[in-house]
Amino acid sequence: MFPDRLTTMLCFAIPLCALFISGSHANEAEDDLEEWLKVYEDSLCILRGTMNHSSFTYLDPPLDSLEVFAERTDERWFLYLKDRPIRIIDTDTKNRGSKVEIEYESRDLGRQRIDIFSPSKEIIDIEVCEELMQQVFAFDDSPFPRYWLDTCKEIVHVRGTNHVPRCAYLVDDNLTSSGKYRQCPACFRQRVEIPGLSIEMALREGAVQTYELYNRVSFNDSLQGIARIAGQRVLDNWPLPLRGYDYRFLVTSSKGLNAMAFPAGLIYLHEGILAVVEDSVELEAVLAHEIAHVELRHGYRTLLKQQKGNLLSSIIALGVGVTAGAVSEDAEVGAAFGAATLAIADVATTLSVQGYRRAHELEADNIAALYLTENYGPDRLNALQSVLQKMIYAEDVAEYSFDASGMSTHPTSIERRTSLRSTQSLNIGRPTFKGVDSRNRMVATFNVYAIFVERRIVEVSPSVQRGYERRRSGGKDTTWNYTLYAAIETTEYLYKNREVKHMDVLVGDDELRFDNKQDTEIAPMAGVGCIFEMTSSRDIAFSSISSIDVDLGIDMRLQWEFID
């Protein structure tokens with residue numbers, strides 16, 4: 001019996017000893033790796049951006065058997081941080097050396113972290129880790145190939161994927177942009193990074209359900225092709241940065257002179273509006289107006305403006321992926337999410353039946369005017385004016401205030417035409433400013449896109465004139481109305497919802513105050529377009545904007561700095 005027991009004990013002891021020895025070696029390897037990683041601490045470098053805008057990317061380890069990810073732990077900051085200077089402040093290892101945690105600091109957003117890890121728990125040794133670090137961070141100006149070229153099939157793959165064929169080799173941007181090689185559809189699928197996109201999708205889905213009850217999609221393939229090609233042409237020549245929506249252009253069989261844009265890039269043209277446009281530029285003018293509604297996020301802004309307090313917070317929470325089902329244990333929170341869902345449905349119905357507000361229509365006209373001016377010159381502003389003239393006739397003479405589908409046409413066509421006749425658009429180079437709080441944390445970015453200048457001749461009362469001659473006769477004076485279009489993107493450091501009040505702009509030696517008459521509502525982790533207005537007695541040349549100060553109604557003082 002004794003020998004058998006000894007044999008049994010040895011059978012258990014040998015694996016345990018081997019496991020202990022193996023674990024000891026693993027711990028030593030992890031300690032060595034952690035000690036070696038300290039050379040990177042306090043290093044200044046660039047965080048490389050991924051090509052597909054994702055929060056993680058596959059790395060290219062020197063060993064075929066090893067699969068490794070690099071993952072940014074907070075993807076919300078990715079667009080702010082990619083290809084930006086950072087300082088590595090701490091490194092650590094986990095899981096016996098199969099995971100490396102790198103904490104870094106950015107002046108814009110404070111401390112963040114990126115993890116390099118093997119999902120199969122394989123140990124990352126020092127030699128492998130050094131090569132992987134060079135793929136995530138740029139420590140010098142040496143070239144970094146970002147694509148794989150499969151010479152066998154002449155297909156280009158993005159670096160950072162898990163399906164690169166063996167016959168591929170790394171190449172630079174110039175070779176892949178030649179157009180000779182086909183892009184891999186899996187690699188080049190861009191993920192849209194738009195705060196609140198899920199809210200806009202919900203608005204669109206709700207609005208379309210009502211809209212298509214009265215506006216059936218046309219079966220005329222020729223008209224569908226015309227709309228699709230013209231829409232893509234407008235997008236290809238858009239004068240401002242596009243947000244990245246996936247646009248669709250559809251024609252309905254309705255005979256009314258109308259078109260409608262829904263959030264997130266769904267645009268309808270009635271057969272009636274296609275029948276009255278006389279050339280391709282007039283059609284592009286209509287489409288530019290509708291695309292402007294989408295890019296200015298008028299549906300999203302309408303929702304934010306109508307909802308206040310806790311309800312708005314619930315809507316924003318829905319927009320970042322929190323669902324009512326995930327919080328159903330809390331009755332109050334669940335009720336708030338239910339109310340938020342009803343609010344989205346209510347605004348969606350309003351959009352489908354009544355369209356956009358007057359101020360939003362004028363904003364969209366200004367952007368459409370900028371499109372026409374930049375692509376066809378100021379002489380072709382008449383393209384949009386011509387369409388408006390036909391809409392005025394349809395509304396006033398032919399009594400088309402409601403078209404055959406029962407849906408209302410665009411309001412205030414006369415006012416829109418009058419405004420366009422006296423407005424010039426200026427693209428001012430799109431300067432970008434960042435706003436940081438007293439703790440140097442990024443609160444918001446502010447992008448200035450274009451200024452629209454309206455020149456007016458006004459009658460002036462004699463009592464306010466200076467000089468004997470003008471006091472006797474009265475007279476006329478000239479005023480300039482300036483409308484500035486900008487977009488604000490915020491981070492969570494905004495803390496709570498705010499109204500954008502006004503903006504002070506320094507142009508040369510002139511400090512000008514622009515008022516946001518709509519007091520646009522802005523929320524944490526959200527982005528909206530804003531319109532600011534100012535009236536002056538003189539013509540101002542906006543050749544350069546050196547600084548801005550945006551009033552967000554916030555307690556802390558924001559420091560706005562130009563981003564080069």
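**View 1. Asp 60 and Arg 159, a buried pair.** In this predicted model, Asp 60 and Arg 159 are both buried. Their side chains form a salt bridge, with an N to O distance of 3.1 Å. The structure holds 18 salt bridges.

**View 2. The salt bridge of Asp 92 and Lys 94.** The side chains of these two residues meet at 3.6 Å, N to O. Asp 92 counts as partly exposed because its relative accessibility is 22%. Lys 94 is also partly exposed, at 34% relative accessibility.

**View 3. The salt bridge of Arg 380 and Asp 279.** The closest N and O atoms of the pair are 3.4 Å apart. Arg 380 belongs to the loop between helix H12 (358-376) and helix H13 (382-396), while Asp 279 belongs to the loop between helix H7 (271-276) and helix H8 (280-295); the pair therefore ties together parts that are 101 residues apart in sequence. Arg 380 has a relative accessible area of 23% and is partly exposed. Asp 279 is partly exposed as well, with a relative accessible area of 32%.

**View 4. A patch of negative charge on the surface.** The patch gathers Glu 28, Asp 31, Asp 32 and Glu 35. Glu 28 is placed in helix H1 (residues 2-37). With 43% relative accessibility, Glu 28 counts as partly exposed.

Note on methods: Residues are numbered from 1 along each chain as its sequence is written. This is a predicted model: local features need pLDDT of at least 70, side-chain atom pairs count only at pLDDT 80 or more; totals for chains, interfaces and linings use all residues. Side-chain values use heavy atoms; hydrogens and water are left out. Patches are made of residues with over 30% relative accessible area and no salt bridge: like charges are joined within 9 Å, nonpolar side chains (Val, Leu, Ile, Met, Phe, Trp, Tyr) within 5 Å. Accessible areas come from the Shrake-Rupley method with a 1.4 Å probe; for residues, only the protein chains shown count as cover. A salt bridge is a side-chain nitrogen of Lys or Arg within 4 Å of a carboxyl oxygen of Asp or Glu. Lys and Arg count as positive and Asp and Glu as negative; His and the chain ends are not counted. The place of a charge is taken as NZ of Lys, CZ of Arg, CG of Asp or CD of Glu. Helices (H or I, at least four residues) and strands (E, at least two) are DSSP runs, numbered from the N terminus. Buried means under 20% relative accessible area, exposed over 50%, partly exposed in between (1.4 Å probe, protein chains only).
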